[in-house]
Structure formats: C-alpha cells, structure tokens
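Here are my notes on this model.

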Amino acid sequence: MPAIMTDTPNLLTTLQSHARAQGDLRCHLLPDRVITYRRFWARIERASARLQGEWGIDEGDTVAYIGQGHPDALVLYFALLRIGASLLPLEYPMPEYAQVVADNVTMRQPALVLYDRVRPAIDLPSSPLHALLALWCTHDPHPLFDDVRSPKLWLPGSAGWGEFSLDELTVAMDDRPSADLVGLSIFTQASLCRIVLPSLRLGLPTRFAVFT
C-alpha cells in the first residue's frame, strides 16, 4: 500500500508525549494493577530493547503473536514499530484457527513467535509473551520513529490478510472511541480504529475482555 502522509504527530510520538506530560493518566485498567501512560511507554521501551538487543529482532523481521486479546500484545506492537519490525497477530477464536496459524507461519516465516497461553506446536523460536517484560533490559534500542508510514501490521479481513501502516490506521480511526472495552481480538480494523487507537491518542483508559 502507498504511504499516507499526515500533518498530525504520529501515535508513537503522542504516546511518548502522554508519558512525559501526563504520565499518571490511566491507560489500561486491569484487575491486578493499573497501567498508566508513563508505565505503558516504559514497557514499550523495555520491549524494544529486549526484542532488538537480546532476541535479535532486526528491521524488516516479522514477529507473530499467538493468543487472545492480551494488552501486552499492544506493547509488543508498538515496540516492533519502534525498531522497524512487523507484527503478525494470530488471535483466537477465528474459523479454522489451527490452519490459519499453520498457513501464516509457513507463508511469512516469523523470526520469533510470542504466545500468551499454550506454547504452539511450531518449529520456530518462541517465548511466552510475559517474558517480553518480565525483567529490565540493559540494552539500548535504536528506534526508527519515522518508520510508521511503512506497513508493519498484518490484519485479517473479508478479502484476506492485508498489511497496514500505523499512519493508515490512524487516518481511518474514529475521532473518539466507541467503547472502553477491547474484545478478545485486539488486532482487527474495527477494534483498532474504533476503540484502541482513539483511546490512546486521547489519553483515555481501556479495559480488556480477556480479564473480565
């Protein structure tokens, strides 16, 4: 897809601004803790450092997420954006889920698979999603903030899988979120453009169905 140019700050820059100027605002409402915008950005930085410095994810690589609506998958997405890598989210339930996973993994050959429940039976490097943030990382990431115009997210749709840039999703998103509850699938165009991205842009909190 061609790049879409916008005059507004990209969402990564906006998130960093939220963390600096109003970091105590609540970002994620979880049963056992509140993730503020300051903490959300710190987690993105930590994940960027681990992906790039410890796990060897390079610009242009693809990382797959296999799971169901976990908020840390958003941290993974933004961390990958910062280092120029792509996210392939394989969230369930979806029709013929096992076959969808197998087909996408075979076709796109991700450099790493992160999962939030059961380790998939895939002969590729894999790790539980919580390991992305479990410990502080001493590496310094080398972010590519201007890379948000390149397609970096694979999304399922009625016409098959498409690859979208953060700019494209930002242009398509609603002015305000239609709800504050994110469903079991975070990575659909409807969820991202109607709830997730508008909430993050405006500094509003979200809840996650996987924890309700």
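1. Buried here means under 20% relative accessible area. The model is predicted. Tyr77 has a relative accessibility of 1%, so Tyr77 counts as buried. Phe78 is buried too, because its relative accessible area is 0%.

2. How many aromatic pairs does a search of the whole structure find? The search returns three. One of them joins Tyr77 and Phe78. Their ring centres lie 5.1 Å apart. The planes meet at 45°, so this pair is tilted.

3. Which parts of the chain does the pair link? Tyr77 belongs to helix α3 (residues 72-83). Phe187 sits in the loop between β9 (181-182) and α6 (189-202). The two residues are 110 residues apart, and the pair links distant parts of the chain.

4. Is Phe187 buried or exposed? Its relative accessibility is 1%, so Phe187 counts as buried. Ring pairs link Phe187 into a cluster with Phe40, Tyr77 and Phe78.

5. Now helix α4, residues 97-108. The helix has 12 residues, so at 1.5 Å a residue it should span 16 Å. Its end C-alpha atoms are 16 Å apart, which agrees.

6. Which residues of α4 are buried? They are Tyr97, Val100, Val101, Asn104, Val105 and Arg108. Viewed down the axis of α4, the buried residues fall within an arc of 120°, so they line one face of the helix. The face turned away from this buried side carries Ala98, Thr106 and Met107, which are exposed.

7. What covers the buried residues of α4? The cover includes four strands: β3 (62-67), β4 (86-91), β7 (153-157) and β8 (160-164).

8. Look also at Arg108, one of the buried residues of α4. The charged end of Arg108 sits over the ring of Trp154. The distance to the ring centre is 3.9 Å.

9. Check the backbone just after α4. Gln109 takes a positive phi there, about 45°.

Terms used
Residues numbered from 1 in each chain as written. Predicted model: local features only at pLDDT ≥ 70, side-chain atom pairs only at ≥ 80, totals over all residues. Heavy atoms only, no water. Phe/Tyr/Trp six-rings, centres within 6.5 Å; stacked < 30°, edge-to-face > 60°. Buried < 20%, exposed > 50% of the residue type's maximum accessible area, 1.4 Å probe, protein only. Lys NZ or Arg CZ within 6 Å of the ring centre and 35° of its normal. Expected span 1.5 Å × (residues − 1). Arc of directions from axis to C-beta. Contact = heavy atoms within 4.5 Å.
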